[in-house]
Amino acid sequence: MKLYLLSVYQPDADPPPPELLNKVMRDVDLWTQELKAAGAWVFGGGLHPPSTATVLRLQDGKMLMTDGPFAEGKEHIGGFTIIKARDLDSALEWGRKFARAVTLPGGPGLPIEVRPFQGEVES
Amino acid sequence: MTGAPAAEIERVFREEYGRAVAILIRLCGDIGLAEEAVQDAFTAAVERWPSTGLPPSPAGWIIATARNRAIDRFRREASREHRHAQAALLSVREPQAEEALVPDDRLLLIFTCCHPALAPGAQVALTLRLLGGLTTAEIARAFLVPEPTMAQRLVRAKGKIRDAGIPYRIPSEADLPERLQPVLAVVYLIFNEGYAASSGDRLVREDLCAEAIRLGRVLAQLIPDEPEVMGLLALMLLLESRRASRTSASGELVPLPDQDRGRWDLALIAEGQGIVRRCLRRNQPGPYQIQAAINAVHSDAPVTSATDWRQILQLYDQLVSLAPSPVVALNRAVAVAEVEGPDAALGLLDGLDLDGYRLFHAIRADLLRRLGRTAEAARAYEAAIARADNATERRFLERRLEGLS
C-alpha cells in the first residue's frame, strides 16, 4: 500500500455564505467517514487561512521569519487528507469524491492535487 | 541449419518487442529493468540467430532469455533484501510457453502508457517506446524535439508510473470506455503525425503510420468488442490506402479530388470497408466509426464526380451531433459545399473559432475562389500559408495562390 496526499486548493477570497459552507463541511465529513470505514483514512483536516501562516528560513546562519504564506499567488492549500491506497487509480477515486464534496452547488470546482508519498506502508 | 537474415530478426523485433517488454514488466514489476532485459535478449539474438537460425518460437526464446537476464541482474544487484525477494518471485513465476502467447500483457501495458494521469505527449512517447520498441532518438525525430528533451520526458513519465503507483492492469468493465479514449487518441495521434506531419519537409512519415496501424491491429485483436476500436482501425486503413496517391512524383501534395484513384490500395480499402460494414451492423456509432464510414464512401467512388456527397453530409451531421467541435463543423462545411454549393458552406465558416488552423483558411480560400471572390481568396490563402509548418503543404498552398491570377 502507498500513502497519498490529497490537497485542496482554495482561492484567497471571502468564505462562501454559511449555508453553502455548511453543506461543504457536511459533505467533506461524510467523505471522511467513508474513508475511515474503508480503513483508508490516515490523517487530515482543514487549515486556517494563509494569512495566519508564518515562514521560517535559515539564511547565512540567521533564522529569518516572515509573515504570510510562502507561495505567492491567489490560491493556497485550504486543507489536506492523507490516505492509504493500493495504487494511483484507487487514490484518484477517493480524490474524485473529495472534489465533489468541496465543490459549492453551481460554483467552480476546487482543484484537488493527488501526490504520492515516498515508500510503501503495510496494508 | 541456416542462419536468420537481419531482416527476419528485425521483423521479430518489431512484432515481439512490445509483448516481451509487457510480459517482463508483469514478471519483475519494473519498467526500466524489463526494457534492459528485453534489449539484452535481442542483443543476444542478433549475435546468435545469424548462425543458428530462428528458434522454433522466437518470441518464447526472447522472453525466456530476457527473464534469465532479469534474474541475473537481480542477483548481481541483490545487496538489498527486497531485491532477493524479487528474484525469488521471478524464479517461481516461470512463464509457460502458452503463457508467453497470452496477448493481454500488451493491453495492460498500453493502458498504463496511456493513463490519463500522464500528459498526452508522455503517453505517446511511452507507447512508441515500450510497445513499439522505437528508440528515444527515433521518437524525438518523429516529433521534432531534441533527443535530450524526449529522453527527459520518458524518464519523467516512467518515474511517475513507478512513484505515483500507476497500476499495471486492465481497467474495470465500468471504466473501460472512458479509459479507452486516451488509448485510441494516442494511436490516432501517432497515425496523424505520420500521415500529415505537422512540420518538417516530407508530408508523410510512413514509419509512424505503420506503427499506429500495427498498434490498432493489436487493440482490435485484444478488444474486438469495442466498436470504436474497430472504427479507428478501419479509419486508419482507409486513409492509408490513399497514401501513394497523396503526393506526386515530385513530392507535391495531391488533394483527394485530384488523386489518381488507380493508385489506391484495394486490399486496404476492402479490409477497411469490411470493418465499417460490421460496425454498421452493430449500430453503436462513435466518432471513429463515423469518420471511417465517411472515408469508406470516398473509397467507393471510382472517380471524384461519383462521390456520394449526400451520404457524406448525413454522416457529418451524425458526427456533429455525437462529437461537436469546430474542426468537425469545418469538415462538414466541405460536404455542404458539394451538396448545396460554396455559398452555403461559406456562411457556415463565419462563426468558427479556428483562426490559428491552417486548413480553416485553406478551405475558406477554396470556397471564395469557387465563388469568384478572387481578392478575398488570395488573402485567405496567404493566411493559410502563414500558418502551415509543413513545407509540402506550404508549396501546395502557394501554387493555389499563384493559380488565382
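Reader: How many cavities of 30 Å³ or more are there?

Author: The count comes to three. A cavity here is a set of points, on a 1 Å grid over the protein atoms alone, where a 1.4 Å probe fits but cannot get out. Keep in mind that this is a predicted model, where local features need pLDDT of at least 70, side-chain atom pairs count only at pLDDT 80 or more, and totals for chains, interfaces and linings use all residues. Residues are numbered from 1 along each chain as its sequence is written, chains are lettered from A in the order in which they are written, and hydrogens and water are left out.

Reader: What volume does the largest cavity have?

Author: About 50 Å³, taken as the space filled by probe spheres set on the grid points, which are joined across faces, edges and corners.

Reader: And which elements give two or more residues to its lining?

Author: Those are α1 (6-28) and α10 (206-222) of chain B. α1(B) gives the most, with four residues. Helices are DSSP runs (H or I, at least four residues), numbered from the N terminus. Lining residues have an atom within 4 Å of a point, and among them are Arg14(B), Glu15(B), Arg106(B) and Arg214(B).

Reader: OK, next one. What lines the second largest cavity?

Author: Its lining includes Leu107(B), Ile110(B), Leu219(B) and Leu222(B). The residues divide into seven nonpolar, no polar and one charged, and α10(B) gives the most, with four. The volume is about 40 Å³.

Definitions and conventions:
On a 1 Å grid over the protein atoms alone, a cavity is a set of points where a 1.4 Å probe fits but cannot get out, and a pocket is an open set with protein on both sides within 12 Å along at least five of seven lines; lining residues have an atom within 4 Å of a point. Ala, Val, Leu, Ile, Met, Phe, Trp, Tyr, Cys and Pro count as nonpolar, Asp, Glu, Lys and Arg as charged, and the others, Gly among them, as polar.
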